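Here are my notes for you to read beside the model. Keep the picture open and find each residue as we go.

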Amino acid sequence: MALTVSPCNPYDARIGRRELVRMPDGVSAFKMYFVSIVGRDQPRRYEWEHGDLAPDTFLGQFRAMPWEGVGFVTAFPHITKVFRFSPKAEILMLVAAYDTRTGKPIGLDRGEGYTEFACYAEALLAADEYRFWAEARSVPGYLASFSDCAIATVGSHTKLAAHAAGNRE
């Protein structure tokens with residue numbers, strides 16, 4: 001059986017605005033990271049600066065949703081992922097996704113028994129956030145640190161296709 005690789009868009013992410021969002025329940029709080037993918041076709045879909053949804057409007061919509069827990073959020077114009085530390089086993093990070101504009105859930109099942117974890121920017125943020133969580137002695141201590149990651153660029157978005165096609169260099 002040969003590995004079939006689908007075409008992939010280039011990936012050059014910019015992590016911009018950061019904000020602590022406290023939820024109306026008074027307990028839940030999420031660190032918000034606004035992320036854009038620049039240089040793709042359809043900049044309105046991938047870049048906050050070109051979209052029709054303002055970050056402040058998004059924040060109001062997010063606060064009105066029933067998210068509970070403590071963690072962080074990666075908000076792209078086309079998808080938002082909420083990462084939280086599990087209330088049942090706080091050493092685990094859980095993730096849920098939804099369409100940023102509509103609020104409708106997006107499943108992270110990618111077939112063949114695999115579940116999407118993160119794109120590159122999210123992985124870099126998750127590494128920092130997990131470290132902050134592990135090192136913090138309290139939730140306020142965790143909430144005080146934000147990742148300083150600003151750029152996440154994938155150097156080649158075609159290497160797996162080239163490898164599957166026989167180019168092993």
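1. A term to start with: buried means under 20% relative accessible area, exposed means over 50%, and partly exposed is in between (1.4 Å probe, protein chains only). Strands (E, at least two residues) and helices (H or I, at least four) are DSSP runs, numbered from the N terminus.

2. Before we dig in, this is a predicted model: local features need pLDDT of at least 70, side-chain atom pairs count only at pLDDT 80 or more, and totals for chains, interfaces and linings use all residues. Residues are numbered from 1 along each chain as its sequence is written, and side-chain values use heavy atoms, with hydrogens and water left out.

3. Take strand β2, residues 29-37: 9 of its 9 residues are buried. Ala-29, Lys-31, Tyr-33, Val-35 and Ile-37 point one way, while Phe-30, Met-32, Phe-34 and Ser-36 point the other way.

4. Which strands does β2 pair with? Pairing here needs at least two DSSP bridges between two strands. Strand β1 (residues 12-22) pairs with β2 in the antiparallel sense over 8 bridges, and strand β3 (residues 70-75) pairs with β2 in the parallel sense over 6 bridges. Look at Phe-30: its bridge partners include Val-21 and, in β3, Gly-71.

5. The hairpin of β1 and β2 has 6 residues between the strands, and Gly-26 there takes a positive phi near 80 degrees.

6. Now helix α3, residues 120-135. Its buried residues include Leu-125, Phe-132 and Trp-133. Tyr-130 is also in α3, but counts as partly exposed because its relative accessibility is 33%.

Notes:
The expected span of a helix is 1.5 Å times one less than its number of residues.
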